[in-house]
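Subject: Structure for you to look at

Hello,

The structure we talked about is below. Please open it first, then read the notes that follow.

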Amino acid sequence: MFGRLGAPEIILILVVIILLFGAKKLPDMARSLGKSARILKSEAKAMKDENKSSTTPAGPPHNDEPSQRTIQAAPGDVTSSRPVNEPTDTTKR
């Protein structure tokens with residue numbers, strides 16, 4: 001009964017969405033959704049790589065200075081890139 005959506009129903013839903021949000025805001029919403037998806041994908045990949053490197057016994061020698069890495073956003077979006085200090089045991093929270 002409710003599980004079958006045909007072409008007329010999908011068109012009606014799209015028209016209602018355009019009327020609710022306006023045609024000017026839809027491209028901006030799609031762009032920000034794409035950026036969010038790319039950031040989420042890169043963070044998930046970084047976490048997976050971090051887990052793989054933490055399971056291997058050999059690694060770089062440890063030093064006393066905290067490491068710094070940069071979180072990269074979408075290509076061409078230089079305003080979202082920022083350096084991040086990794087928390088250590090000696091860092092005051």
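Does R31 count as buried, exposed or partly exposed? At 48% relative accessibility, R31 is partly exposed, because that class lies between buried (under 20% relative accessible area) and exposed (over 50%), with a 1.4 Å probe and protein chains only.

Some ground rules come next. This is a predicted model, in which local features need pLDDT of at least 70 and side-chain atom pairs count only at pLDDT 80 or more, while totals for chains, interfaces and linings use all residues. Residues are numbered from 1 along each chain as its sequence is written, and side-chain values use heavy atoms, with hydrogens and water left out.

Overall layout

The protein has two helices and two strands, in the order α-α-β-β from the N terminus. Helices (H or I, at least four residues) and strands (E, at least two) are DSSP runs, numbered from the N terminus. Of the 93 residues, 4% count as buried. The protein exposes about 8,900 Å², and carbon and sulfur atoms supply 62% of that area; accessible areas come from the Shrake-Rupley method with a 1.4 Å probe, and for residues only the protein chains shown count as cover. Contact means heavy atoms within 4.5 Å. Among contacts between residues at least 6 apart in sequence, 23% join residues at least 24 apart.

Helix 1 covers residues 7-21, which is 15 residues. From first C-alpha to last, helix 1 reaches 21 Å, close to the 21 Å expected at 1.5 Å a residue; the expected span is 1.5 Å times one less than the number of residues. After helix 1 comes G22, with a positive phi near 85°.

Helix 1 also supplies eight residues of a nonpolar surface patch, the largest share. The patch has about 930 Å² of accessible area together, and its members include L5, I13, F21 and M29. Patches take residues with over 30% relative accessible area and no salt bridge, joining nonpolar side chains (Val, Leu, Ile, Met, Phe, Trp, Tyr) within 5 Å and like charges within 9 Å. I13 lies in helix 1 and is partly exposed, at 42% relative accessible area.

The salt bridge

There is one salt bridge in the structure, meaning a side-chain nitrogen of Lys or Arg within 4 Å of a carboxyl oxygen of Asp or Glu. R31 and D28 form a salt bridge at 2.8 Å, N to O. Both residues sit in helix 2 (residues 25-55), three residues apart, about one turn of the helix. D28 is partly exposed, at 46%.

Regards
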